[in-house]
Amino acid sequence: MKSFILNRLAQYIFVLFSTSIVIFFLVRLGPTDPVSVILGGKQSTPETVANIRNQFGLNKPLVTQYVDWITNMLHGNFGLSYEYRQPVSVLLSQRLPTTVGIVLLSTLIAVIVAIPAGVYTASHQHNISATITSIVELLLVACPPFLTGILMIWYFSAQMPGYTFTGSYNGWGQYFQRLFPPALAMAFSMIALIARMMERGMIEQLQSDYSTVIQAKGATRRQLIWSHCFRNAIIPVITILGMQIGILMVGSALVETVFSLPGVGTLLIDGVIAGDYGVVQAVTLLLVFIFMTISTLLDLLYGVIDPRIREGKGITA
């Protein structure tokens, strides 16, 4: 078990370190000169440009710049935004509540809707309502969140003209009012994915030999579904759910843009457009860190639950 944990942690550190290198050097392949971002497009003398490069360490070799950046990151210093003239950590503290709120709310909506829907369609396979539910799930898979968000804005604008659902917010009331529509838009595709996973898992469990034995012992249909089959079918769903949270953090940018919300995603897009090295590097690495941390924690959790995984044997049917 100890070697399994150390192996996963080593992979985790290696991937983060490799990704940081890729991010740092790819950002610098862009056509935008950071000095022009710092100057705001104003004309300046060569002496001023040289002073700025010296002040921000842009005159150092790239390897030295990378070492300085990653060292500062390890000490909690995310660097300085050239465009906003503020520490990136301050910008993140202002934007993270929006992105995290959208992701958590969309996940909550998906779990509340998708898991019961998956169980229902699996246990009522030949029912017309279950068929309709499956068709709705397929339609939701085909709709990307940004398109769903645009359609929601069109609907709300026509049917609920007094409901304000875009732009910044003040206070908890406006916070949840702004976050609910984009969270719902992001939840739709996740509802479809989780419901389909839950349905397949439940069907496999209901058709297994042990389910026949349990029913032969006198268990009711309800007991079979919720006390036995559900517990086994929910395990792969937890994996997908954990991975989806990381994916939603990365993919929130488009939804935040559609709803004009000040989140981490819009901060990243603005940083890319402006050529703001500090913002792009820090936000991208933060998103990778969140995704990798969730993935690694899930690996460790499964290693604890199932010895076959930590022994490298995998799971066989």
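**Loop residues, a pocket and a buried glutamate**

In the predicted model, Arg-85 is placed in the loop that connects helix H4 (62–74) with helix H5 (88–123). The phi angle of Arg-85 is positive, near 55°, although this residue is not a glycine. The relative accessibility of Arg-85 is 52%; because the threshold for the exposed class is over 50%, Arg-85 is counted as exposed.

Ser-260 belongs to the loop between helix H10 (221–258) and helix H11 (264–274). With a relative accessible area of 46%, Ser-260 is classed as partly exposed, since that class covers values between the 20% and 50% limits. A positive phi is also found at Gly-57, where the value is near 70°. Gly-57 follows helix H3, which spans residues 46–55. Of the ten residues of H3, one is buried, and the helix therefore lies largely in the open.

The largest pocket of the model was then examined. Its space amounts to about 370 Å³, and its lining is made up of 18 residues. Those nearest the centre of the pocket are Phe-56, Trp-69, Asn-72, Gly-79 and Tyr-82. Two or more lining residues are given by each of H4 and helix H12 (277–305). The greatest share comes from H4, which gives four residues to the lining. In terms of residue class, the lining of the largest pocket comprises eight nonpolar, seven polar and three charged residues.

Glu-199 is located in helix H8, which covers residues 171–206. The relative accessibility of Glu-199 is 13%; as the buried class is defined by values under 20%, Glu-199 is counted as buried. When residues up to four places away in sequence are set aside, Glu-199 is in contact with Gly-118, Thr-121, Ala-122, Ser-134 and Glu-137. The buried state of Glu-199 stands in contrast to the exposed state of Arg-85.

Conventions
Residues numbered from 1 in each chain as written. Predicted model: local features only at pLDDT ≥ 70, side-chain atom pairs only at ≥ 80, totals over all residues. Heavy atoms only, no water. Buried < 20%, exposed > 50% of the residue type's maximum accessible area, 1.4 Å probe, protein only. 1 Å grid on protein atoms, 1.4 Å probe; cavity = no way out; pocket = protein on both sides within 12 Å on 5 of 7 lines; lining within 4 Å. Points joined across faces, edges and corners; volume = space filled by probe spheres on them. Nonpolar A, V, L, I, M, F, W, Y, C, P; charged D, E, K, R; others polar. Contact = heavy atoms within 4.5 Å.
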